[in-house]
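Please brief me on the aromatic contacts in this model.

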Amino acid sequence: MDGLEPGKSIQIQSYKHNGQLHRVWDTTTVLKGTSNRVIGANDKTLVTESDGRTWITREPAICFFHAKYWFNVIGMLRDDGIYYYCNISSPFVFEDQAVKYIDYDLDVKVFPDMTYTLLDEDEYELHKTQMNYPKVLDKILWNNVDHLLHWVRQRKGPFSPEFVDQWYELYLTYR
């Protein structure tokens with residue numbers, strides 16, 4: 001896909017359902033880019049919040065986006081193992097040299113031992129009311145939470161034992 005060649009640097013842009021920009025990761029290196037999925041990596045990248053505050057990521061991360069699934073997965077390489085942060089979100093689109101998606105508040109944090117915690121249900125319920133998420137969207141999002149948790153339990157996709165390590169090795173060749 002044009003602009004998603006391996007080694008290319010792109011942005012990641014997260015939006016809310018109402019179209020408001022939520023968060024931007026300044027630079028992510030494309031490791032694999034097709035119309036269906038993007039795998040990228042970043043380390044110590046600048047992140048800008050919607051209110052203008054900025055921070056820098058602390059560790060290398062492998063990012064997994066898919067055009068069919070309503071979630072994305074970030075595998076963070078830490079000294080004591082790989083931690084995953086999973087956003088329940090719209091499928092990604094790629095435009096203007098950026099991977100873009102709508103963040104739907106619900107998050108799943110997965111620990112190195114593959115135990116997990118569902119986060120931000122209260123924020124989801126608040127935004128669902130404030131932004132009038134349609135019933136069909138609510139159903140899609142909860143179905144994708146189930147699908148994501150199935151992947152975690154099955155060690156599938158980005159949760160397979162070698163996934164993050166293999167992509168991180170490739171990332172190191174671009175640095």
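The charged end of Arg78 sits over the ring of Tyr83, 4.7 Å from the ring centre. Such a charge is NZ of Lys or CZ of Arg within 6 Å of the ring centre and within 35 degrees of the ring normal. The model is predicted: local features need pLDDT of at least 70, side-chain atom pairs count only at pLDDT 80 or more, and totals for chains, interfaces and linings use all residues. Residues are numbered from 1 along each chain as its sequence is written, and side-chain values use heavy atoms, with hydrogens and water left out.

**Ring pairs**
- The structure holds 14 aromatic pairs. Rings of Phe, Tyr and Trp (its six-membered ring) pair if their centres lie within 6.5 Å; planes under 30 degrees apart count as stacked, over 60 as edge-to-face and the rest as tilted.
- Tyr69 and Trp151 are edge-to-face, with centres 5.0 Å apart and planes at 70 degrees.
- Both Tyr69 and Trp151 are buried (under 20% relative accessible area; exposed is over 50%, partly exposed in between; 1.4 Å probe, protein chains only).
- Tyr83 and Phe111 are also edge-to-face, at 6.1 Å centre to centre and 75 degrees between the planes.
- Tyr83 is buried at 12% relative accessibility, while Phe111 is partly exposed at 26%.
- Ring pairs join Phe64, Tyr69, Phe71, Trp151, Phe163 and Trp167 into a cluster.

**Domain**
- UniProt lists residues 18-156 as "domain: DUF402" in an unreviewed entry. UniProt positions follow the numbering used here, feature names are shortened, and annotations may be inferred rather than shown by experiment.
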